[in-house]
Structure formats: C-alpha cells, structure tokens
Amino acid sequence: MQIKIPRIITPDYWLANLGDVQRYLRHHLAQGELRQFGESSLGFPLQVVEYANPGARKLMVIGGTHGHEPGGVASVMNLIHLLETGRDLAGEPHERLLELAGGLHLLLVPCLNPDGRSVCPDSFYAQGIETTVAYSSGIQTNGDLVPYDSESQEPCYYFDPADAVFVGGQFNGAGWAINRRLSDDHSEAVEVQALLGLAQGAGLDAILDLHACGSNFAFQVRSHEAPYWPVMREWQRRAEALFGAKGRPLNKLHGDDDPPVPPAFFCNSALLHKHAKLMWMSYEGRQGYVGRVPFFPLPTEWEIIDDYLGAIEVYLELGTEGRYADANAEVFG
Ligand SMILES: [Zn+2]
C-alpha cells in the first residue's frame, strides 16, 4: 500500500499523527510504562501505556480503532499527557479526571489500528468538503469507493487490498474490517486478537472505546446482557449533566431501546465482552467539519478533545464506584 497522505497542519495538542504519537511515547513517558502487545498487519507496533496502581480497579481506554477518527487518538494522548504532567497538551487542568485516575489502574491504548491511521489525514477539521467517507472506506483500483457502509446491516467484512489503491480507516492493512464481524468467536484482524490477548490476562473491569463520526453520542452496547444497561444509562445521565454544564449538549444514548435489540453483526464490544468477561463502552465524539449539516455547530479542536476527556471522566467515576465489576459479577458469576 503506497499512498501519499496529505499532511494537515493541526494544533500541537491535537496529537494524532502516528509518527508523532510514537515519538511522544518513546521520549516523554516518566510515570506510565510503555509496552508493545502485538504488531499490526503492516508491522506497526501495537502499544499500551500502563499506569499501575496495585490493588486498584483496572480500566482500559482505546483510541484509533478507526483510522479516519483522529480525535480519539488525540484524546488518549491528552489523557496520557495529563497523567504525566498534570495538564493536557493544551495546558488545561482536569482536576476531577486526574483525581479519579489517581485511584485507578489504567491501561491506555492510543491507537488500536495504526494501519488505518497511517492512510488517513490527521484531521478533517474544516476541510470544507466531505472527505471522511473516502478515507474511511478507501478507493478501489477502478476509482470507486471500497464498499464499506457504516450504516448497513451487512457491512463489508473484508476487501482484498490488491484490488484497492488503498483500503481505508475502517480496515486494517490486510483488508479486514477492524470493528465488525459475523461471529463473536474471534477476529480476523490481528490487532483485535492482540487486544483480546492483552485484556484476557489483565483483570479489567471495563474498556472504553473512543470513536468519532461527528455524532457526539454513546452507545448502549446491545449485544451485552441486561445488567449492563442501567450502568450505561447512568453514564448517560451523568455525562449529559457534565456536557450540558459546558454548553455542549450530549446527544441521546444510541440504540437504547427497551429492551435494546442486538444488531445482526458483532462488534469488538461483543468479542472482548464474551472472552475477557468485562463491560465495554463506546463513545462517539465529534470530528470537526465533515460537510454535513447535523454536525454543526462547528466545535473547536480543543472542545472535541474536552468532550472525550469528559466522557472518560464519567467512565472512570463509575469504574471507581465498582459499577462495571458489579455488572460483570452478575453476568459471569
Ligand atoms: Zn469509529
């Protein structure tokens, strides 16, 4: 896969470029321990930063499942910088978040899908035309989009990279959709299997997966059993209050029917939940301008990151209270 990706100038605190992220992790960690837990299909290291706290509850945060969603990567990097220095990369304090993090054992994966990240720009902010679909799907050799439709009930699970100029951020470099499959037995994406291996031995209560599509909502993970539903609703209640106080209303909890009806396919949420016996949360932050009316008003890049950090704050709060552990115990015994 040889494609020249335009380098877009972004603020220093928007740390989403793969090379810049790796440089930061190599040179700027003093508190967290950097470990490699696998390798992507194109040979990029899969990295986790661990903030150990013996006896404390263990939670994980993931960014960069989808390569065309740089805000999640930037937000995990801001969280790491906050834990390292007491400030985010823009110099802002987040006292409550920092206090909660101090009482927990955290595993932070800035970029689960470096292959996807490597073929997408570092920002779609104010590009003025809708470019995210092309980067999320990729381009076939005949010039058409690779047929991944994120709205579809039956998305493309695999596309042969030999038939593409590049496969987009929805896929890994080997052409496997990174987040959706037909089965919850295993993932063909080596990155997801590596994550499962990491999670299975780690004793985690929960994983928070940061995505983006401009929608600014969290998901009721519909493949999960009933004890998880009120936990997610409580996350929503608290997050709504937090976001609302900042004048940036959170949208309603996606897929929260009564009862939530599972989709026809399985996301990483189902795989990790089943095999690592933990709760999985997904929050979709904003992406900046992608040329669609519902995504207005235009947030600043710092507001996008601050939204994610707010989502993480509420996630850590519920984790501190043992809410995920209680639901896990109810389901798995
Ligand atoms: Zn996504």
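The protein chain has 10 helices and 11 strands, where helices (H or I, at least four residues) and strands (E, at least two) are DSSP runs numbered from the N terminus. This is a predicted model, in which local features need pLDDT of at least 70 and side-chain atom pairs count only at pLDDT 80 or more, while totals for chains, interfaces and linings use all residues. Residues are numbered from 1 along each chain as its sequence is written. Let's work through some exercises together.

**Exercise 1. Overall build**

Task: Find out why the radius of gyration of the protein chain agrees with that of a compact globule.

Solution: 
- Start with the rule: 2.2 Å times the number of residues to the power 0.38, with the radius of gyration taken over C-alpha atoms.
- For 333 residues, a compact globule would come out near 20 Å; the protein chain has 18 Å, so the two agree.
- Next, picture a box along the principal axes: the C-alpha atoms fill roughly 55 × 40 × 40 Å.
- Finally, look at contacts (two residues with C-beta atoms, placed from the backbone, within 7 Å). Among contacts with a separation of 6 or more, 75% join residues 24 or more positions apart.

**Exercise 2. The core**

Task: Say which residues have the most contacts inside the largest nonpolar core.

Solution: 
- A residue is buried if 20 or more other C-beta atoms lie within 10 Å of its own, exposed if 12 or fewer, and partly exposed in between. By this test, 50% of the 333 residues count as buried.
- A nonpolar core joins buried Ala, Val, Leu, Ile, Met, Phe, Trp, Tyr and Cys residues through C-beta atoms within 7 Å.
- The largest such core has 85 residues, and Leu-108, Ala-206, Ile-207 and Met-281 have the most contacts inside it. Helix H9 (residues 301–320) gives the largest share of this core, 9 residues.
- Now zoom in on Ile-207: leaving aside neighbours within four places in sequence, its contacts are Met-60, Ile-62, Ala-199, Leu-272, Leu-278 and Trp-280.

**Exercise 3. Two helix pairs**

Task: Describe how H2 crosses H9, and how H6 packs with H8.

Solution: 
- Two numbers describe a packed pair: the angle between the axes and the distance between them. Axes are lines fitted to C-alpha atoms, for helices over the stretch in contact, with angles from 0 to 180 degrees between N-to-C directions.
- The axes of H2 (residues 70–85) and H9 come within 9 Å and cross at roughly 65°. On the H2 side, the contact includes Gly-71, Gly-72 and Ala-74; on the H9 side, it includes Ile-304, Tyr-308 and Ile-312.
- For H6 (residues 190–200) and H8 (residues 268–276), the angle is about 35° and the axes are 10 Å apart. Here Val-192, Leu-196, Ala-199 and Gln-200 of H6 meet Asn-268, Leu-271, Leu-272, His-275 and Ala-276 of H8.
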